[in-house]
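Student: I'd like to learn how to read strand pairing and helix packing. Can we go through it on an example?

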Amino acid sequence: MKKLLFFASATLLLQCHSPETKTDNTIYVKDPHSYSQPEKAVVKHLALDLKVDFEKQELSGKAVYDIQNNNSNEIIFDTRNLNIQKITLGEDEKEASFSLSKNDSIFGQALTINIEKNTSRVNIYYSTTKGAEALQWLTPQQTAGKTQPFLFTQGQAILSRTWFPCQDSPGIRFTYSAKLRVPKNLLAVMSAENPVAKNDSGVYNFSMPQPVPAYLIALSVGDIEFKKIGERTGVYAEPVMLEKSVYEFADMEDMLISAEKLYGKYQWGQYDVIVLPPSFPFGGMENPRLTFATPTIIAGDRSLTSLVAHELAHSWSGNFVTNATWDDIWMNEGFTVYFERRIVEAIYGKEYVEMQWQLGLQDLEATLEEFQESGEESSLKLHLQGRNPDDGLSDIPYEKGAHFVLLLEQKAGREKLDKFLNDYFNAHAFKTITTEEFLKYLDAEFIKKYSLDVNVDEWVYKNGLPANCPRVVSAKFKTVEQALYSWSKGTKPELLPTKDWTCHEWLHFIRNLPGNISASEMEILDNAFHFTNSGNSEVAAAWYVQAINSNYKNAYPEIETFLMNVGRRKFVVPLYKQFVKTEEGKRLALEIYAKARPNYHSVAAITLDELLGYKLP
Ligand code: BES
Ligand code: ZN
């Protein structure tokens, strides 16, 4: 410990005395999705000073970057659809020349700024444009409260460059601070130290003292209030959602404590969740200190809170140790799904989590089948060069990744795996990791150490599912399968043993209905179980897929309402996909989509435009 402290203070001294000779020996991995060249000059701290203008739907102001300059005469940023007004160097703001490369529709433009060999600060004056895909500006009508507008950002994977110039690679970390001016009746919150109430000035200050990659910088502005849950946890939401959210997330503090017991100290101080309006395109996003979440997990019975466990787990796998490029995303998501399920197991028990493992494997197998047909790669390590990194987002990094970690658990036992993961996180604290670096570490610290025999290369580099994939079989699901069987043999739905079913059993039931189920059979089930009006979004969404498949028209008005309100990609994409399987369905889907599209975030709209062959009128 003493030794460590000595080193820490020695580097600090060095940094204080000779900033101009600071050189960066970090070896940066080439990131195919970023123009930046960090080995020349790299951002170490960002200070944003922005005005949030709802009328113009624009952020504008100044971004100040403290850089580590390795004797370079240029620094390169990623930008996309930004309006760069002026760039100056140093505290005395000497005007600098810069150039923007030709625009690429996915990656945007490289912003190359000419600097001096001793430049340590760059100031960029800019504003966002209508092409800022990270931003979603919502009208009051699109919020829960219906009275105030709302703004939120989504940075992952490469959208941060659409709202501030950045070296937009997960391998480049920097600290940040921000000063934001927002309309007086609104509150701003970020992935940083946050205010807990509105003030009269409408000016809010933020700081994030731990270095984070650009994709984890996030902002929300709206009629937002805060309520504490535990010592280190709390919820932000619109006033009409706040009490419900506090009830739903009552286990958050326990989750945090369980997570720390598993894999070591939580490094970010506070852990809060913000419940966003329903157009948020994801279930959750692990913005440090402040998870962004869809309101579709507010089920009223705490049944969908494993999503919070997932985003919380990213505080280790993802935010504390980060995938070096988006080709390594399984290092973020696979470990996080495994970790999520360990938290869920600790809090809700083994029987509960077994259902999630089995549902997860079902998803994975369905995806693998689809990918085999389409020829899409299904290895853990991806090859997304030249493509939108969003294309790599599938059950492969999540479920195949998690099952690989589960295999490691089975090979060596939990105790050894847990020790390994603890050490792994600590050894790579606030660093990034490539798949290859990880495999080296795994080999030395786990496989060789415990003389294990694991087909790592097959799991990581080959398509498909290795034969030794662990298969968790849920005892609870046996009952569901029996119920499905007796129903198929004529037992009335009311007589099935469904009394204590959680949403997981219901999901298993709905997903395993016969593919050729008729609309009238659907109606009988609906009358008994009221799926069409389920308050549980997972159950409703799974049911709606079956409803479209069986042409069960009674559900269509609710499906339309759902598609009009909810923008969560995981729900809406399968519904539209099911619709387009028939000509009539496709017509209906396009009709609904034309009305619903303005409610969707760009991330969902882009996917759906392609799926539906939709062109803006
Ligand atoms: N980090 C992801 C969301 C993400 C991934 C956004 C890649 C953009 C690009 C987040 O942690 C996540 O995985 N969310 C899931 C929920 C989870 C319980 C599987 C989601 O949104 O469905
Ligand atoms: Zn995740």
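Student: How many bridges join strand 15 to strand 16?

Tutor: Strands are DSSP runs of E with at least two residues, helices are runs of H or I with at least four, and both are numbered from the N terminus. Two strands pair if DSSP finds at least two bridges between them. Here 4 bridges join strand 15 to strand 16 (residues 233-237), and the two run antiparallel. For instance, E225 has A237 in strand 16 as its bridge partner.

Tutor: One caution: this is a predicted model, where local features need pLDDT of at least 70 and side-chain atom pairs pLDDT 80 or more, while totals for chains, interfaces and linings use all residues. Residues are numbered from 1 along each chain as written, chains are lettered from A and ligands numbered from 1 in written order, and side-chain values use heavy atoms, without hydrogens and water.

Student: Which order do the 5 strands take in the sheet?

Tutor: The order is 15-16-17-19-18, an open sheet with mixed pairing. Strand 15 (225-228) and strand 18 (284-285) are the edges with a single partner strand each, so one side of each lacks a neighbour in the sheet. Helix 4 packs on this sheet, in contact (heavy atoms within 4.5 Å) with strand 17 (271-275), strand 18 and strand 19 (290-293).

Student: And how do I describe two packed helices?

Tutor: Use the angle between their axes and the distance between the axes. Axes are lines fitted to C-alpha atoms, for helices over the stretch in contact, with angles from 0 to 180 degrees between N-to-C directions. Helix 4 (residues 306-313) and helix 5 (residues 330-348) have axes that come within 8 Å and cross at roughly 125°.
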